[in-house]
Amino acid sequence: MARKEFPGDPRRSADVVPYTPATSNGDGSIYYMIAFVSSMATLFLKNKWAGWIAVYSSLLSVFSDRASASGTGGGSRLSTMVLALTALLMSYMPEVVALFKLVKQGDSGVPVAAST
């Protein structure tokens, strides 16, 4: 059986093709990192502005991501978006709880005792 040779001999300096790194759009990964860091800042510091920045940058990360760039089908970008939304929800949770307590008091203004 004859051996098939590749075109060009890589040992010859005239046939060597120089390496050029692939160009990629790095905006998606920057937005991904900003979303992750600001989500963590929202969870630990309860900063609502950081939560809105996390949601905005996670949406930018998901929508600017190329289909060929993500090896897992964009699962990590989607999980960052869920993390950003959860962090924002948790930062607004004290206001939601206070609102439910006001609604539970009713018109009398007297707090209703919690049933145990």
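**View 1. Aromatic rings and a lysine.** Rings of Phe, Tyr and Trp (its six-membered ring) count as a pair if their centres lie within 6.5 Å, with planes under 30 degrees apart called stacked, over 60 edge-to-face and the rest tilted. By that rule, this predicted model has 0 aromatic pairs. Look instead at Lys48, which sits over the face of Tyr92, 5.3 Å from the ring centre; such a charge needs NZ of Lys or CZ of Arg within 6 Å of the ring centre and within 35 degrees of the ring normal.

**View 2. Ser39 in helix α1.** Ser39 belongs to α1 (residues 27-45); helices are DSSP runs of H or I, at least four residues, numbered from the N terminus. Ser39 is buried at 0% relative accessibility, where buried means under 20% relative accessible area (1.4 Å probe, protein chains only). A polar atom of its side chain lies 2.7 Å from the backbone oxygen of Ala35. Beyond neighbours within four places in sequence, Ser39 is in contact (heavy atoms within 4.5 Å) with Ala54, Leu83, Ala84 and Ala87.

**View 3. Leu88 in helix α3.** Here is Leu88, a residue of α3 that is buried, with a relative accessible area of 8%. Its C-alpha atom is 8.4 Å from that of Ala50, 38 residues apart along the chain. Setting aside neighbours within four places in sequence, Leu88 is in contact with Thr42, Lys48, Gly51, Trp52 and Val55.

**Notes for all views.** Numbering starts from 1 along each chain as its sequence is written, and side-chain values use heavy atoms, without hydrogens and water. In this predicted model, local features need pLDDT of at least 70 and side-chain atom pairs count only at pLDDT 80 or more, while totals for chains, interfaces and linings use all residues.

Terms used
Helices (H or I, at least four residues) and strands (E, at least two) are DSSP runs, numbered from the N terminus. Buried means under 20% relative accessible area, exposed over 50%, partly exposed in between (1.4 Å probe, protein chains only). A polar contact is a pair of N or O atoms within 3.5 Å; within protein, one must be able to donate a hydrogen and the other to accept it, and residues adjacent in sequence count only if both atoms are side-chain atoms.
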